[in-house]
Amino acid sequence: MRMSFGLTFRAAKSRWMVNVSQQCSHGSVGLFVPPSPPLDPEKVKELQRFITLSKRLLVMTGAGISTESGIPDYRSEKVGLYARTDKKPIQHGDFLRSAPVRQRYWARNFVGWPRFSSLQPNPAHWALSNWERLGKLYWLVTQNVDALHTKAGSQRLTELHGCMHRVLCLDCGEKIPRRALQQRFEALNPTWSAEAHGLAPDGDVFLTEEQVQSFQVPSCAQCGGPLKPDVVFFGDTVNPDKVDFVRRRVKEADSLLVVGSSLQVSDLGWRPPERLPIWFISSCIESSHLCLLVVRCTPATGLSSLPERRSFQSRYLTLGPHGRTTWHV
């Protein structure tokens, strides 16, 4: 399935222009959101009690939380990358070994960057940021690399897979903002132009091999080494220190809320403690042997459905075998 979003880059009078069609700027936001059933009011009440009674709530978010901001995910039925195309994400080893692979990646990323970097948090991101401000959220761990939690103001945050808004040198480790690299791309490619067909997760688009061949890629300004986005590609591993940090936060938590992810793919290499109550908010997940309850809806719908409160009041809860809860409210 080929999808054209009308992203066209061209050089005009020494200034780069990007033309974004109406479909791309507005329609694509809903294009990547998988279908979900109507929100169950009773489950919303249970979710509210779960959040209210949590004292050290840890939230984990995945790609599903950002689809309503216009970023596709990989695995959602009918709308994820794997369902829409036969394209596969770039592999870490290929990026390290091959200059042509790096050239293709950066050309695609260059075209997709203006749109990707301009995307904004949706109500789910804002809700989690507000929980932190109210003292309800103990820690937030995201698998996403889109910086939308940061844009929403979250600070008690671990970006497990890094962030597309940073670039690092593979030789000397120097880090620069991604926006600075965009300017270097433009200077090196004053006459290069491309039209993208299809949008991929993590900020890149689909280009033909012919379009990529003439694209020039800058090296590190400090040492001349190859540049890579400061993210974990497929086939790479998360920094062990970061994994240990997240595991400690999980051990300190008294409850876990998973938003926009099934946790079927995880770099943590762990199973949550059995005593930890776990809830999922996802439009795709049917059930999980890990969880107490699944709220099947989009993350923005689920989190924004909770009442706005200046503070969270509760009495207590007790945990039975296998994490089953009894509420005392």
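Colleague: At what angle do helix H5 and helix H8 pack?

Modeller: Happy to start there. Helix H5 covers residues 99-118 and helix H8 residues 178-188, and their axes lie 11 Å apart. Helices here are DSSP runs of H or I with at least four residues, strands are E runs of at least two, and both are numbered from the N terminus. With axes fitted to C-alpha atoms over the stretch in contact, and angles from 0 to 180 degrees between N-to-C directions, the packing angle is about 115°.

Colleague: Thanks! Before we go on, what kind of model is this?

Modeller: Residues are numbered from 1 along each chain as its sequence is written, and side-chain values use heavy atoms, with hydrogens and water left out. Local features need pLDDT of at least 70, side-chain atom pairs count only at pLDDT 80 or more, and totals for chains, interfaces and linings use all residues, since the model is predicted.

Colleague: Which residues of H8 does H5 meet?

Modeller: Contact means heavy atoms within 4.5 Å. On the H5 side the residues are Trp106, Asn109, Phe110, Trp113 and Pro114. Their partners in H8 are Arg178, Arg179, Leu181, Gln182, Phe185 and Glu186.

Colleague: Now the annotated cysteines: why do Cys169, Cys172, Cys220 and Cys223 gather at one spot?

Modeller: The unreviewed UniProt entry annotates these four as "binding site"; such annotations may be inferred rather than shown by experiment. They span 55 residues in sequence, yet they gather at one spot because no two of their C-alpha atoms are more than 8.6 Å apart.

Colleague: Is Cys172 buried or exposed, or partly exposed?

Modeller: Cys172 sits in the loop between strand E6 (162-169) and strand E7 (175-177). Leaving out residues up to four places away in sequence, Cys172 touches Cys220, Gln222 and Cys223. Buried means under 20% relative accessible area, exposed over 50%, and partly exposed in between, using a 1.4 Å probe and protein chains only. At 40% relative accessibility, Cys172 is therefore partly exposed.

Colleague: And is Cys220 buried or exposed?

Modeller: Cys220 belongs to the loop between helix H9 (209-212) and strand E9 (227-231). Beyond four places in sequence, the contacts of Cys220 include Cys169, Glu174 and Arg184. With a relative accessible area of 8%, Cys220 is buried.

Colleague: Last one: which residues is Arg249 in contact with?

Modeller: Arg249 is part of helix H10, residues 240-252. At 11% relative accessibility, Arg249 counts as buried. Setting aside neighbours within four places in sequence, Arg249 is in contact with Leu58, Tyr138 and Trp139.
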